[in-house]
Amino acid sequence: MLGMKKSAHLDLHALAGSNDSEEDYSDSFFDTNDSSENSDTDNSNDFPESKNFSASLEKQAIQFSVRDFPNTKNSKFPPLDDSDFDLSSLNTPLLPQNERQLQPVDCVFLMVASPNHFPQTDSDYLRGKPLIYMWKDLTNVLASAFSQCIQTYFREYYTLIRPRLRFYFQIDPTTEKLNNVNTIRRDIQGGRILFHYIGFGFPKIDESYIYSVDQKNGGLVNYPIRALFENLKAPAWFIFDCSNAAAALSTLEKTAAFKSTSEQSHINSDPYMNRAIDWKDWFCLCATDVNEELPIDPHLPRDFLTSCLLTPVTMAIVCHTIQYYRTTIVSDSFPLDQLKSPLIAEDSPIHSALQQTLSAITDAIAADSLSPEIYRLLFRKDRVTMVIFQRFLLAQYLLRPFQVHPKSMPALPDLSIHPLWQHWRTIVDMTVSSVLTPHPSFATDLFVRAKDSVRGFLERKEENLISPAHLMLLFHVPENAPYRNDAFVLLASYAATSTAARNLLTRTALFNSVFAALVSNENFDPKVFHALCYLTISLLQSSPRFVNDIRREFDVSSFPQRLFDENLPMYTRTLVAAIIAAVLPHSEGIRSVAVSPSFLVSMQKLLATSDAPLSLWSLIIQRRMFDSFGSELKNFFAISMHIQVASFALHSSPEVRAASLATIPCFLQQNSDTSNAQLFGLTMFCAFDASFLVRFNFVLFLSRFLTIYQDKIAGKSPIGTLSHQCFRSLAALWIGDEKPFEGLISDFSLISSVVDAICRAPDFLSKFVQIGLLLVDQLADDPHPSVKAAAQELRNFVQMQSGFKQRIQITTNLSAPSRIDHELNQQASSFPTHNVPLFDDFESSEERPALCESGGDAMYKVCVRQVVAAGCSLDSCTECDDKPVISALPVPPVSQMPSTKLVLKSKTKFELGKPTVCAYHDSSLSLAVGTITGNVVYQSENLQNTFTHSFGERVTSLCVADWDTELVLVGTEDGCAYVWEPQRNTPRLCFRADSPARCGPMPLVIAPQFPNKLLAARGNCGTVRMWDIRTQRIAGEWDAGANQAVTALAVHPSDPNVCVAGFLNGLLVTIDVRCSMSSGPTNVDAPRANEKILRIVGNTMKPHSFWAGTSKGSCMRWETLNNLQIVKEGQPLADFDVHKTSPLAALSLQNAPPVITDFEMKVIHTLKYVEHGSACAFHPALPVVVFAGPSGEVVQYELTTNK
């Protein structure tokens, strides 16, 4: 059956009828409407086989609409958080296991006394009154009629709770019959037996005994409760509807404890059972506590608890009427004369409404009062258990006026005083006392009040006041209620408020009712349908086990088509796609639609116009199709959908790029060299992506690619080396021509022409393998641990491949392990075993397994959290243009102060290594300090919070940006850049901004550029790169033209398009980032040769200017490099800074206290008590300066007017 098996190996060349890959690549292209003339197989559900699998990318692109990827927008999804960082642990199959379910009730064993044992009344008040039992007057009932009545009554009402039940009726059972109860267990081996005991007619039970009939004399004799339990065995249910009922609990508990201890080492304790017995798996309800009596009233049934359990609404109305209307409504024959009234007749609408309201109230009370574990055990695992406990709560409420306190196991608190019972009393009272015909729907007013309460809390931002009871009532809103859609909207709005809210929803959710509404063909308002979609995916994200609650009888065949409904908002369709992806592996109905050729064609058209979020989830659907039961690859290749999917690796959204890379390993096949090469060529530059999610999926794709071509690894060396160079020049070594790197990572026409050109060469596979080998080395030094671990594992595999081939050629004694083997084994053993499976040293390369093929599981988990965290708004979730952010701090008029003094603001000390660099937040006094050991300390304003994170290597550059939130931008000596949100434990972004990792002291210098851009430079190649933090990839690359390491970088204070780089040899270079990437510097100068440029700073005072300080103490100022002035020469500097808006400079001297000067280099203040060689920084706006000494002491001063 299509889609129900794993995809078989697909030989694309065989399908194409080709023997010459080069000829096919250059000439063969056939329309997909051509079909095989000799086919005897009915392929009506598949695409006709086509011969375009080896066609060029240019020809295959005709079959789909190529996106304008350079102009695609990113999504507005929230950034990845700490839970998304460990991709290795996330990349495990998401197989929601059904938690251990309760054994359902399979059998009801009823024990009652015959009318012969019914007690004769000695009360004048009761004499002549009806004896109500099973809602009948059994005063003069015959034994035969009683038996028939018992069987009919209990069968009718128990089967309303669960249709398929077995019944065993015992009226006046003898001791022998009770001893033979174990035969019931033999027939019901795994199911739960419910023992229902009605004590009317029997003597009062005590702690150890109930009563049976002596077969010899017909009298009543004791029967041990322990023997009853041992015969019934667990799992079991006990209901004692009698006086002093709770006395039985003690014996049941002791028996369970004893049997659990004595039989814990026995797997089969009974010859009739093939399973271990869990003697703790039992429940019990008792109508009364110890020494309590059931109420005796001629208007109440003698089977009080039983009536509550089987006919709860009738019992509630009767008790309410007796309590409040005894003198007006209650007659001598009440309630038997009212059984056909609309309130009590079970087929009446008002009775049904009251039944639904009662279920909602009892469910809400339980959810509001019980622990999550107990609530789920009793109210969510088995329908019979849920219904019985719901109605037990009603029994608590109804017996409270009689001073009777029912008990249970597990023990529930007395919930009879919960406020919701007041609502129930009001509803019943209004219903009973109403004289209107027909009765108004008082029963459903409760849901309206709950809805209005939740809406008020949400509008007032008081979500914390919403209780589980409120939520439960909204979930129970009747299907035909006109405000049911409002309930869905409110539940979705509440789910969007916080993770805690979603967790609370998970506890109370009736997922089946939500999903049934979702997949129905009801014509919802778009806003309501959007809310319903969001509510569904929120529940699935918070508790994946809900997929196991989806009933097979749901008709889900039409739901996937909602994905292509252009009348729905784009983001609603994104939620539809997320739901399809969530349930696809678990729903045969949805899966059968998703793998059909017509669905693929619709998906291909959708990807031609979809925004970033919808594209993302459309790609994840395809990956999940392969993760479930596979899909027919020929259906993808026939319409070149594999190329379309790969093209989305050029998208502006990092999540979309990652989803593309997670999917395309499914298209890699043995003996499909051209197609495999095309997929690799389209995506190979993703190795340089700034998104660790993209790189993680790329390294897994690379693993799959090199595993297929492992026989080509031996003897091959990488093309290029990991040196300080622009990415453009490295790419030129691969493709034979220098192309703009920005185009290679975003322009499909450019990269496809490059790949087509490579694939025309006879050795194209070897070239791609050699490129892959270099990328393995690049990624093996990745700053992200999951990427690094996967790449190191792949490198180990590559080394084993090369070593294996060499051993075949030169080793004469295979039994003696070589030194290379030993080193490789040592290296392999040092890798973390929990990230990815290690390769074993197999006898042949063909036996070595592939790494995990993709990060599809991690992608799903990360992105489903994002889509839920994005909220329930119908607004587009695609980014818009940036608007400038104005700082809230005024510019201080320091230049207007006649004289200033330094005031100590704070002094702290860190034991985290010598500070190397400091930086302030633009619009607050929050401060970041980086150290030589790789630690960054972030102090919030007023020192209220301090956050610390270790980046592993010496911090060489540090900035604090205020983009969507406070972000610390970190550059480290090994060439890695990080974007860190201080409140998080892990960086939001980490990537290699330059390679190689180990090349001696080589600082990475960074500078933020509005909006959301980062300039970075490192090494002696003179290359300045711009990284787009929002799209998380390179946005520009410029040659500075020097042969020394870049040591300083700054953006012009008023023109973000101009930056200046300073070098180790004293060179200063101005670059206009609006020029093409291959353009050289626009201005160059070296005023102080061989003096390392420590820092370059921009100042906004008129005229705007740059300042720079050198390691030998020279300070210089310029507007353009043509008018540069040396304003100071002096002692060697450890650090240097200039205030952005005021004429102040800070000079931290190597061998003397730091000083603060004006722009004439006149010393204003000497900081005698600050350590020599401190790192320093001015606040960008305020007259505040910080010095971080080598000992770790951080001192902040404020310049104020000297009065």
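Residues are numbered from 1 along each chain as its sequence is written. In this predicted model, local features need pLDDT of at least 70 and side-chain atom pairs count only at pLDDT 80 or more, while totals for chains, interfaces and linings use all residues; side-chain values use heavy atoms, with hydrogens and water left out.

Q: Which residue in E15 is the bridge partner of Val-936?
A: Strand E14 (residues 935-939) runs antiparallel to E15 and is joined to E15 by five bridges. The partner of Val-936 in E15 is His-949.

Q: Why is the pair of Phe-680 and Phe-701 stacked?
A: Rings of Phe, Tyr and Trp (its six-membered ring) pair if their centres lie within 6.5 Å; planes under 30 degrees apart count as stacked, over 60 as edge-to-face and the rest as tilted. The search of the whole structure finds 59 aromatic pairs. In this one the centres are 6.4 Å apart, and the pair is stacked because the planes stand at 25°.

Q: How is the pair of Phe-698 and Phe-701 classed, stacked or tilted?
A: The centres are 6.2 Å apart and the planes are at 50°. The pair is therefore, by the cut-offs for planes, neither stacked nor edge-to-face. It is tilted.

Technical notes. Two strands pair if DSSP finds at least two bridges between them. Helices (H or I, at least four residues) and strands (E, at least two) are DSSP runs, numbered from the N terminus.
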